[in-house]
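Biologist: Please show me the model. I would like to go through it with you in short steps.

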Number of protein chains: 2
Amino acid sequence: MKEFDLIGRYFVDGGYQRKDVVVGIGDDCAVTTVASHQQLAVTTDTLVAGVHFLKDAPAKSVAYKAVAVNLSDLAAMGAEPAWISLSLSISDIDEAWMVDFADGMYELTRYYSVQLIGGDTVRGPLSMTITAQGFIPPENALKRSTAKPGDWIYVTGHLGDAAAGLDILTHKLDAGDGVKEYLVNRHLFPTPRVAAGTALRRVASACIDVSDGFLSDLKHILRASCCGAVVQVDKLPVSSQLRDSVAPQQAIEYALTGGDDYELIFTVNEEQRGNLETALASTGIKMTCVGQITGQENKIDLKDHKDQYPMPEITGFEHQF
Amino acid sequence: MKEFDLIGRYFVDGGYQRKDVVVGIGDDCAVTTVASHQQLAVTTDTLVAGVHFLKDAPAKSVAYKAVAVNLSDLAAMGAEPAWISLSLSISDIDEAWMVDFADGMYELTRYYSVQLIGGDTVRGPLSMTITAQGFIPPENALKRSTAKPGDWIYVTGHLGDAAAGLDILTHKLDAGDGVKEYLVNRHLFPTPRVAAGTALRRVASACIDVSDGFLSDLKHILRASCCGAVVQVDKLPVSSQLRDSVAPQQAIEYALTGGDDYELIFTVNEEQRGNLETALASTGIKMTCVGQITGQENKIDLKDHKDQYPMPEITGFEHQF
């Protein structure tokens, strides 16, 4: 079967149809329009089997996650998602796998009104690259480099669930039946915080999404902003499911170092703090203040209430199973 | 070494700097602006080692070709290139290889004033996905679906050189020393027909680039436009280097079925034919009329002067070495 036949069969309609797509899948390029009051946000992420997802991960989850990871990058910039391009490398064609893959992708793109506008399918080891694009009004982009000493550090949702879910799948962690499914699903089907990202425009001073792990990703903000941080580990938002599954110490470790949560870490200055509740209220997304930006460049102080808390040894999720 | 360090080291400045890039490499997304009188053309192509390029191909050629293939898609749409995103999958980090790779990429992006705005680097089998973006004024996109019976079929440059170059590299073909280098370079460093693509706006009725091979790619136009074609094999533009290296019959076969030339196949109606010389004159790009569109859906008639010419068995370049 030829490459283009494969694309044609499973992806030809691009799912959700947007008015700003002039030419969709099927030509040398897609052609789209950008409203004159918008800027374009562009991000590219690749997921490789055995590196970014388990080799036996369900096709639906693989596609869902590949899209979610990219929409999460748009969210972290404050952008509203619009289009994705998909390049899929597969070693051979399994009809059922392809159907599930398309399902997983379209479930998320429909929900966020995102159109697949093109891509490529090649024969090779299983991996996929998605380029996602979205819109932000000028001057509204949430950068990493604009946190200031004194700003408060917040995080959406819960931390550590996805890493615990991965450990359950790889038999490194056991958990009760009801809890297990929840944690595994947080790993397989992460939620990109799109609504939170756009709500935080003009409110947050800096923003990033949690892909490598809370500490690793916070460090990106600190490095880009030439700042440090104090983090209250006692404030880290840990789900009841994770809390019920592991010792308190281990829950904190998951929350600090576990990757793939795709929550947003953002900073807010004192003056904007009052607007935060209002901004996020309509999204229904939980947020928690977990610390404060300091002037001590690249230094993170962990505190448990008033005590110093030891820095965990693994400070990054290396994306290597 | 971590993924982001790798990106940082070799690609951080993005090469050529454009004024329409508000945020470049280093944040969750790039942020760019699109002028209000322009539409956006977007294309994605993946190259896999051992499938789209030889496993021992020089790094410089691999990068050059990956960019060229994408700029060629923009050219085939009539778009002016602006930005690329690169996702690079490599099994391990070889400093010299990376330097050559960056060189090959930036050589082409500098020439075309294209900025690298982001991407991803992952550990995995060697492959790369590039998403390229460019601009076209509204209604100017050169589609595949708009050829009409009676339109003349043209092709830029020469056909078959890249396939002959590949055959030289894989020891399936021998050629004289001066000629060998030329043909191999046509395979390793293809020229995207960017200037021709933009010059053909409002002149060509349909356009595609030659990646799979002349016949295969012409078929894409025929299928999309619900037409057929008569092609004069005696008119096919074959370089003197190719003509000197193989029998006449074999040269025609290379020209008809060889892939990776990245020339443009385009159609022009009778009224626009007079404007064609003027449109392409400033680009210095050779063009040759090789046939005519017919109303016989999906049928290609090959003619050698007035005689019927047999259809070659291999009608597509399968991108499998």
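Predicted model: local features only at pLDDT ≥ 70, side-chain atom pairs only at ≥ 80, totals over all residues.

Biologist: Is A:A59 buried or exposed?

Modeller: Buried means under 20% relative accessible area, exposed over 50%, partly exposed in between (1.4 Å probe, protein chains only). A:A59 has 5% relative accessibility, so it counts as buried.

Biologist: Which residues is A:A59 in contact with, leaving aside its neighbours within four places in sequence?

Modeller: Contact means heavy atoms within 4.5 Å. With those neighbours left aside, A:A59 is in contact with A:W97, A:D100 and A:F101.

Biologist: What area is buried between domain 1 of chain A and domain 2 of chain A?

Modeller: Domain bounds come from an automatic or database domain assignment. Domain 1 of chain A covers 3-136 and domain 2 covers 152-308. Buried area is the accessible area (1.4 Å probe) that two parts lose on being put together, summed over both. Carbon and sulfur atoms give 66% of the area here, and the total is about 1,600 Å².

Biologist: Which residue meets A:D260 in a salt bridge?

Modeller: A salt bridge is a side-chain nitrogen of Lys or Arg within 4 Å of a carboxyl oxygen of Asp or Glu. The rule finds 1 across the interface of domain 1 and domain 2 of chain A. At 3.1 Å, N to O, the side chain of A:D260 meets that of A:K65.

Biologist: How many salt bridges does the rule find across the interface of chain A and chain B?

Modeller: The two chains bury about 4,400 Å² between them. In one salt bridge, the side chains of A:R144 and B:D27 meet at 3.6 Å, N to O. Across the interface of chain A and chain B, the rule's count is 4.

Biologist: Which strand gives the most to the side of chain A that touches chain B?

Modeller: Strands (E, at least two residues) and helices (H or I, at least four) are DSSP runs, numbered from the N terminus. On this side of chain A, 9 residues come from the strand at residues 39-48, which is β3.

Technical notes: Residues numbered from 1 in each chain as written. Chains lettered and ligands numbered in written order. Heavy atoms only, no water.
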